[in-house]
Structures are given as C-alpha cells and as structure tokens.
Amino acid sequence: MDDKLLVAQLQDKRTVDQAFRSLMTEYKERLYWHIRKIVLNHDDADDVLQNTFIKVYHNIQNFKGDSKLFSWMYRIATNESITFIKKRAKSQQIESEELQQQLVNNLEADVYFDGDEIQLKLQHAIAQLPQKQRIVFNMRYFDNMKYDAISEILETSVGGLKANYHHAVKKIEKILTQN
Amino acid sequence: MTLPELKHIAPILAKIQKKGSGFSIPENYFDEIENAISDKLFTATLSNTSGHKIPENYLEQLENTVLSKLEKEQTPNQKVPKGYFDSIEDQVFNQLALEDKPKVISLKKYWIPVAAAAAASLALLVSIYNPFSTNQNIKVSEIEQWIDEGNIELNSYEIAELYSDELENISIENTINTDDLEDYLNNEISEESFYN
C-alpha cells in the first residue's frame, strides 16, 4: 500500500484501526530485527516493538510526511531501544556499556540465539563499539540498508555514516583477528 | 561499503556476513504480534478514557504509603519501658510475695495524727472552756483533775473533725519527735485501748 494512502487512513478515525493493523503487518519484522540487534534479548525486543507501535499509533496524527513513514517508524524504534537500554542500566545502577556487555554475555544461554562460535564472537565485538557505530554497523552489515535510508532514519549525514561504519568494521575485524 | 570492499579491509567479516546475526524467535511470534499490540492499545485506551484521575506521583508513592501504614498498625500506640517484658515475671512474683506477708499496723502511721489532734484540741479547749482567769497561771495538776472529772466528753475524732481547718495548719514534724512519741505510745498505752 502507498505510504500516503496508509498515512491518510491512519489519520482518519474511521479507518485507523484497520490501517494500523496493515501497518503492523507491513513493518513488524523489519522493526523487530532492528530492535532485536540493539537489545539482543527476544523478550526485551518484543516489549520495545510493542511500545514502538503504540507510540506510532498515538503520534500518527503528528506525522507530517517530511520523511518516509518507514524512516519515521525506524527512528521511533531506535529511540525506544536506546531508551530501554538506558532505563535498564539505570535500574541496575550501571553504565549502558556495562549493560551491553551483560546482555551479550547472556547470549550463550539464550534459547533464542542459534549462532555458532564465530557469530557469538561477532556479537561480543559489536558490543564493544560506541552506541552509534553499533547501530550503523547493524543496519548496514546485517540489513544491507543503503546509507541514504540510514541517513534519513538517524538524521546523520551519509559521510558521517560511512565514517562510522568504516571505523566499526575495522575495529570488529581487529577484535575477530585477535581472538 | 560493498562486499568486495569489505573483503578487502575485513575478510573475516565478509566471510561470515551470510551467516547472519544468529538470533532466532519463538515459533509463530510474528503471527500473533498484531493481536498482542492491539490488546495492549485497547487496555491503554481504556485506562485513558475512564475519566478518573489520580494525584501526581500517587502510584509511585503507593508502596511507601502502604508500608508506612502497615508499620504504624503493627506498632502499639502505648509504649512500654525498655526491658519491661523481660522483668515482668519477677515483678509479679515479688508482688505476690509481699501480699503473703501478714499486715503490720504501724502505730506511727495512725497515732501521730491522733496524738497531734488530741494535743491541739486540748490546748483549744483550755482556752475556750477555761474556768479560770486567762491572766492566771494554770497548774498542770488542775487541768488533769478537770479532765478526770469528765468535763471533756468529746473524743479525739470529734475534736479533729470540729477543728479540721485549724488542725490542717498544724505542723508536727519539727515539734514532736516521732520516735519518742512512738516509744511513749508503745510503753504507756495498751494496744487493747486502741480498739476500744
């Protein structure tokens, strides 16, 4: 369905429920995997995904169409994921980076992580990146997203994103080589 | 960065890229997510449209409020001295032991006020019913004789009642040595006479 039509239906009280269901069906998997690679745990990803869609529902009236609907929703999902990590770290009275290490350490016992040894090592390496590099790396490396799309979502220049990704790749490769 | 570029600067990453992230999901998870979110939205809508409002921070402080109330209920309003319940048994037994002892009537307790009242009454009566001139010296033997002849028929209690106001103002502590008085009463007055 065309984005403009979908947005029009979402902003119309008579059609919002049906349109919202279509929206979830269209984007649920992409948004889930985007969130999952930030929070790592399935249950947490599920919570954040639901909160993301609820936020979309409550704020759709404010969507002006300045960016693509897809980008707008990704931005909400990214912010919700980062907020979730910060809140969880605060509740445990630790830094976000320390929590990120804890989350990746839990992967070994996670029933919803099927990765082999090198995939686990890769996740450990990603967890050592600064937050923005981590998000950019995931979007580019795993989801093959174009820089333009990432730029619109993260509201960062393409040049900046390329630099972020390049640094991330070099650092991760170095970690994997050392191990 | 295209895959060939990745191969050039990060061969390991290029090699494992096709493997993916390694994450999996519960079976049929994506089939039910719309319903789960719709339910959550419905619940949120219900709570937002009930029309009821609560004070700011009410729910955040609810646990503390309830715990504080519970603590008050569990603490009795009347406090007892520290260690009271540790020594209450001994105190009760001491009281019981005291109650078992025979009562001893202290003469000092009863006869000091009576004797004081009698002395004061005598002095007053002498001044009231004095058959002699107030300017004359009165011999003690004459007073004794006057009393012996039955000119005074009031007992000491009646006298004390009659002159209660005056008696209250009489201090005997510094004028009568209580030990001497007790010795005197024990030696000079028989116990039987107390009860007759």
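Helices here are DSSP runs of at least four residues, numbered from the N terminus. With that in hand, the place to start in this predicted model is A:Glu108, which sits in the loop between α5 (96-105) and α6 (117-127) of chain A. Twelve residues along the sequence separate A:Glu108 from A:Leu120, and in space the two are 7.6 Å apart, C-alpha to C-alpha.

Further along chain A comes a pair of helices. Two packed helices are described by the angle between their axes and the distance between the axes. For α8 (residues 147-154) and α9 (residues 158-178) of chain A, the axes come within 9 Å and cross at roughly 105°. That angle falls in the 65 to 115 range, so α8(A) is roughly perpendicular to α9(A). On the α8(A) side, the contact is made by A:Tyr147, A:Asp148, A:Ile150 and A:Ser151, while α9(A) brings in A:Val158, A:Leu161 and A:Lys162. Sorted by class, this contact has four nonpolar, one polar and two charged residues.

Then there is the meeting of the two chains. Here 24 residues of chain B are in contact with 29 residues of chain A. On the chain B side, the elements giving two or more residues are α1 (3-9), α2 (11-16) and α3 (29-48). Of these, α3(B) gives the most, with eight residues. The residues of chain B that touch chain A divide into 16 nonpolar, five polar and three charged.

Methods:
Residues are numbered from 1 along each chain as its sequence is written. Chains are lettered from A and ligands numbered from 1 in the order in which they are written. This is a predicted model: local features need pLDDT of at least 70, side-chain atom pairs count only at pLDDT 80 or more; totals for chains, interfaces and linings use all residues. Axes are lines fitted to C-alpha atoms, for helices over the stretch in contact, and angles run from 0 to 180 degrees between N-to-C directions. Angles under 35 degrees count as roughly parallel, over 145 as roughly antiparallel, 65 to 115 as roughly perpendicular and the rest as oblique. Two residues are in contact if their C-beta atoms, placed from the backbone, lie within 7 Å. Ala, Val, Leu, Ile, Met, Phe, Trp, Tyr, Cys and Pro count as nonpolar, Asp, Glu, Lys and Arg as charged, and the others, Gly among them, as polar.
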